[in-house]
Amino acid sequence: MSSPSPSSFLGPRSTDRPKVPRTRAATWSHRETLDFLALWGEESIQAQLNRCHRNADVYQWISERMAEKGYFRDEDQCRTKGKDLKKSYKQAKLQDGVARQRCRFFHELDAILGGGGSSRGGDGILSARDVGEMLFKSLIELFYFHFYLCNCGGILES
């Protein structure tokens, strides 16, 4: 299945339909999430999502492709799933070991969002957010190192 062109996102807005109260949807299955990631992770889709915050049409397209595969999720459910997966990936990325194992789709998300395990984007340039996170981690490590030296120094002197 080919990726949509930017012009294919133009069309009837899904916001024209009335909102109805919803009950909690069924949990996403492992296979359904992998199928979602295959669509959501397409380079053209990620480019559209990164380009603009008004992306209901992108998630509507994903919802329609999911329906073709037999999954019935609306655009809001797809948007929420994408946000939740991205959030869990970012949290796991800041940690090592066990936290990464808890992120069920870490490797798939890393292939989509992580640029092959690097904290750099596809262009090899660190974002301001990445630099800020690295500086914060360094300051925390420096604080703990200083705290350790101060406490150990007091113990060794006695």
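The legends below describe several close-up views of one predicted protein model.

Residues are numbered from 1 along each chain as its sequence is written. Because the model is predicted, local features need pLDDT of at least 70 and side-chain atom pairs count only at pLDDT 80 or more, while totals for chains, interfaces and linings use all residues, and side-chain values use heavy atoms, with hydrogens and water left out.

View 1. Helices (H or I, at least four residues) and strands (E, at least two) are taken as DSSP runs and numbered from the N terminus. Followed along the sequence, the protein shows the pattern α-α-α-α-α-α-α. Of the 158 residues in the protein, 29% are buried, where buried means under 20% relative accessible area, exposed means over 50%, and partly exposed is in between, calculated with a 1.4 Å probe on protein chains only. A contact is counted when heavy atoms lie within 4.5 Å, and among contacts between residues at least 6 apart in sequence, 62% join residues at least 24 apart.

**View 2. W28, F36 and W40 are linked into a cluster by ring pairs.** Rings of Phe, Tyr and Trp (for Trp, its six-membered ring) form a pair if their centres lie within 6.5 Å, and planes under 30 degrees apart count as stacked, over 60 as edge-to-face and the rest as tilted. By this rule there are three aromatic pairs. One of them joins W28 and F36, whose ring centres are 5.4 Å apart and whose planes stand at 75°, so the pair is edge-to-face. W28 counts as buried because its relative accessibility is 14%, and F36 is buried as well, with a relative accessible area of 0%.

**View 3. Helix α1 (residues 30-40) crosses α4 at roughly 90°, and the two axes come within 11 Å.** The axes are lines fitted to C-alpha atoms, for helices over the stretch in contact, and the angles run from 0 to 180 degrees between N-to-C directions. On the α1 side the meeting residues are T33, F36, L37 and W40, and on the α4 side they are C78, K81, G82, L85 and K86.

**View 4. Helices α3 and α4 pack at an angle of about 100°, with their axes 8 Å apart.** The two helices are therefore roughly perpendicular to each other. A56, Y59, Q60, I62 and S63 in α3 meet E75, C78 and R79 in α4.

**View 5. C78 is found in helix α4.** With a relative accessible area of 0%, C78 is buried. When neighbours within four places in sequence are left aside, C78 is in contact with W28, F36, Y59, I62, S63 and R73. C78 and M66 are 12 residues apart in sequence, and their C-alpha atoms are 9.3 Å apart in space.

**View 6. K69 sits in the loop between α3 (56-68) and α4 (75-93).** K69 counts as partly exposed because its relative accessibility is 45%. Not counting residues up to four places away in sequence, K69 touches D35 and L39. The C-alpha atoms of K69 and E32 are separated by 9.0 Å, although these residues are 37 residues apart along the chain.

**View 7. Helix α6 (residues 106-113) has the buried residues F106, L109 and D110.** These three cover an arc of only 105° around the axis, and they therefore lie on the same side of α6; the arc is that of the directions from the helix axis to the C-beta atoms. The exposed residues H107 and A111 are carried on the face of α6 turned away from its buried side.

**View 8. The side chains of D110 and Y89 are joined by a polar contact of 2.4 Å.** A polar contact is a pair of N or O atoms within 3.5 Å; within protein, one must be able to donate a hydrogen and the other to accept it, and residues adjacent in sequence count only if both atoms are side-chain atoms. D110 lies in helix α6 and counts as buried, at 14% relative accessibility.

Note on methods:
Angles under 35 degrees count as roughly parallel, over 145 as roughly antiparallel, 65 to 115 as roughly perpendicular and the rest as oblique.
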